[in-house]
Amino acid sequence: MTQRERAEEILKKYIKTEHFLKHSYSVEAVMRALAKKIEPANEEEWAIAGLLHDLDAETIDYRTYPELHGPKAIEILKEEKFGNDNMYHAICAHNKQSGVKIQNNIDQAIYAADPITGFINAITLVYPDKKIESVKVKSIVKRMREVRFAAGADRKAMASIAKLKIEFPEFAELALNAMKQISNKIGL
């Protein structure tokens, strides 16, 4: 069994809701694309961190206990004897409320990748055909400025991709293309 296969096995053991599964696959795809651009040697680690970043989503009520989101996922991963310290740190760093600070490229990437997947999903669903193939980069960039659209999407986190020397339009294109590649898996 490959690391990726084992990661998916763990994901499906703890996440049953279709929404969280689709989100996990989306973040995995975006993280894989970011790794190819920034740290190709770490592509698999980045992708798996993206896949498992919300592993605790159905285990804790992170709206009530936001500081546990991330640390609880690491607890699960350690019980499963899976992952490494770099992956654990990135998973915790994607949630600022965990108290874990962004320290490196993978941390920054997952922090920005997490909200853009939901943002692109929301944009897709306002299109008449509800197909991600119809979404254009310019629509993502335009919607980024419309603060009432998908108001829950953390625009500051998405824009923080600039810390990796990637401008937002380029990030939007990278994320959109990554999600288009798995459109069947995520139902878009």
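Guide: Gladly! Let us begin with angles: axes are lines fitted to C-alpha atoms, for helices over the stretch in contact, and angles run from 0 to 180 degrees between N-to-C directions. The helices here (H or I, at least four residues) are DSSP runs, numbered from the N terminus. This is a predicted model, where local features need pLDDT of at least 70 and side-chain atom pairs count only at pLDDT 80 or more, while totals for chains, interfaces and linings use all residues. Residues are numbered from 1 along each chain as its sequence is written, and side-chain values use heavy atoms, with hydrogens and water left out.

Visitor: Why are α6 and α7 called roughly perpendicular?

Guide: Their packing angle is about 105°, and their axes are 11 Å apart. Angles under 35 degrees count as roughly parallel, over 145 as roughly antiparallel, 65 to 115 as roughly perpendicular and the rest as oblique. The angle of about 105° is therefore in the roughly perpendicular class.

Visitor: Which residues of α6 and α7 meet?

Guide: From α6 come F119, I120, I123 and V126, and from α7 come S139, I140, R143 and M144. Contact means heavy atoms within 4.5 Å. Six of the residues in this contact are nonpolar, one is polar and one is charged. For these classes, Ala, Val, Leu, Ile, Met, Phe, Trp, Tyr, Cys and Pro count as nonpolar, Asp, Glu, Lys and Arg as charged, and the others, Gly among them, as polar.

Visitor: What makes I106 buried?

Guide: I106 sits in α6. Buried means under 20% relative accessible area, exposed over 50%, partly exposed in between (1.4 Å probe, protein chains only). I106 has 2%, so it is buried. Leaving out residues up to four places away in sequence, I106 touches M31, E45, W46, A49, N86 and A90. The C-alpha atoms of I106 and L34 are 9.0 Å apart, although 72 residues separate the two along the chain.

Visitor: And E8, is that buried or exposed?

Guide: E8, in helix α1, has 18% relative accessibility, so it counts as buried. Again leaving out residues up to four places away in sequence, E8 touches Y25, L51 and K185.

Visitor: Why is K130 called partly exposed?

Guide: K130, in the loop between α6 and α7, has a relative accessible area of 42%, so it is partly exposed. Its phi is near 55°, a positive value in a residue other than glycine. A150, in the loop between α7 and α8, is partly exposed too, at 26%.

Visitor: How do you know that the buried residues of α4 line one face of the helix?

Guide: In helix α4 (residues 71-79), the buried residues are A73, I74, I76 and L77. Seen down the axis, they fall within an arc of 160°, so they line one face. That arc is taken over the directions from the helix axis to the C-beta atoms. K78 and E79, on the other side of α4, are exposed. Among the elements covering the buried residues are α1 (3-14), α3 (43-52) and α5 (85-93).

Visitor: What span should helix α9 have?

Guide: The expected span is 1.5 Å times one less than the number of residues. For the 14 residues of α9 (residues 168-181) that gives 20 Å, and the end C-alpha atoms are 20 Å apart, so the two agree. The buried residues of α9, including F168, F171 and L174, pack against α2 (18-38), α6 (105-126), α7 (137-145), α8 (155-159) and α10 (183-186).

Terms used
Helix = DSSP H or I, 4+ residues; strand = E, 2+ residues; numbered from the N terminus.
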